[in-house]
Amino acid sequence: MAKELYYYTAGWCQPCQTLGPIMEKIGRQIPVRKQNIDYIDPGIIQAANVRNVPTVILTENGQEIKRFTGLRSEAQIITWLNEG
């Protein structure tokens, strides 16, 4: 299984609205699973330990590798993805 990004967002979140198009662009390079916290089971949010949005989690083989919370630029996210 390959690496995937889980992108936790909400429609009312201004940083999420800014990050959305960036994540769509990054989704051309690595699969991005958008999770709108307003419409998914709260148990999923709790299981992922998401406390703030936006939150982006990098997984490999279903296991979390790393995460960040808050707004980042496309360049910052690509650097984050390429870091050890």
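This is a predicted model: local features need pLDDT of at least 70, side-chain atom pairs count only at pLDDT 80 or more; totals for chains, interfaces and linings use all residues.

The dialogue below takes up a helix and its packing, then some backbone features, and then several loop residues.

Q: Which residues of helix α3 are buried?
A: A residue is called buried when its relative accessible area is under 20%, and exposed when that area is over 50%. In α3, which spans residues 74-82, the buried residues are I77, W80 and L81. Because these residues cover an arc of only 100° around the axis, they are on the same side of α3.

Q: What is found on the other side of α3?
A: On that other side, A75 and N82 are exposed. For N82, which lies in helix α3, the relative accessible area is 65%, and with the cut-off for exposed set at over 50%, N82 is therefore counted as exposed. As a reference distance, N82 and P21 are 61 residues apart in sequence, and their C-alpha atoms are 20 Å apart in space.

Q: How should I read the packing of α1 and α3, and at what angle do they pack?
A: The angle is taken between the N-to-C directions of the two axes, and it is read together with the distance between those axes. Here α1 and α3 pack at an angle of about 45°, with their axes 10 Å apart. Angles under 35 degrees count as roughly parallel and those from 65 to 115 as roughly perpendicular, and α1 and α3 are therefore oblique to each other. Their crossing is right-handed.

Q: Which residues of α1 and α3 make the contact?
A: From α1 the contact is made by L19, I22, M23, K25 and I26, and from α3 by E74, I77 and L81. Sorted by class, the contact of α1 with α3 has 6 nonpolar residues and 2 charged ones, with no polar residues.

Q: Turning to the backbone, which residues does a cis peptide bond join?
A: The value to look at is omega, and in this model a cis peptide bond joins V53 and P54, with omega at about -5°. P54 is found in the loop between α2 (42-47) and β3.

Q: What is the phi of N61, and where does N61 lie?
A: N61 also is not a glycine, and its phi is positive at about 55°. It lies in the loop between β3 and β4 and, with a relative accessibility of 48%, counts as partly exposed.

Q: How do I place a loop residue such as A10; is it buried or exposed?
A: A10 is in the loop between β1 and α1, and it is buried, with a relative accessible area of 3%. Not counting residues up to four places away in sequence, A10 touches C16, N36, I37, D38 and V53. A10 and V50 are 40 residues apart in sequence and 12 Å apart in space, C-alpha to C-alpha.

Q: Where is G11, and which residues is G11 in contact with?
A: G11 is in the loop between β1 and α1, where it is partly exposed, with a relative accessible area of 46%. Leaving aside neighbours within four places in sequence, G11 is in contact with Q17, N36 and D38. The C-alpha atoms of G11 and I45, which are 34 residues apart along the chain, are separated by 16 Å.

Q: Where is L71 found, and which residues is L71 in contact with?
A: L71 is found in the loop between β4 and α3, and at 45% relative accessibility it counts as partly exposed. Its contacts, leaving aside neighbours within four places in sequence, are P15, T18, L19 and P54. L71 and I22 are 49 residues apart in sequence and 10 Å apart in space, C-alpha to C-alpha.

How values were computed: Residues are numbered from 1 along each chain as its sequence is written. Side-chain values use heavy atoms; hydrogens and water are left out. Buried means under 20% relative accessible area, exposed over 50%, partly exposed in between (1.4 Å probe, protein chains only). Helices (H or I, at least four residues) and strands (E, at least two) are DSSP runs, numbered from the N terminus. The arc is that of the directions from the helix axis to the C-beta atoms. Axes are lines fitted to C-alpha atoms, for helices over the stretch in contact, and angles run from 0 to 180 degrees between N-to-C directions. Angles under 35 degrees count as roughly parallel, over 145 as roughly antiparallel, 65 to 115 as roughly perpendicular and the rest as oblique. A crossing is left-handed if the near helix is turned anticlockwise from the far one by less than a right angle, and right-handed if clockwise. Contact means heavy atoms within 4.5 Å. Ala, Val, Leu, Ile, Met, Phe, Trp, Tyr, Cys and Pro count as nonpolar, Asp, Glu, Lys and Arg as charged, and the others, Gly among them, as polar.
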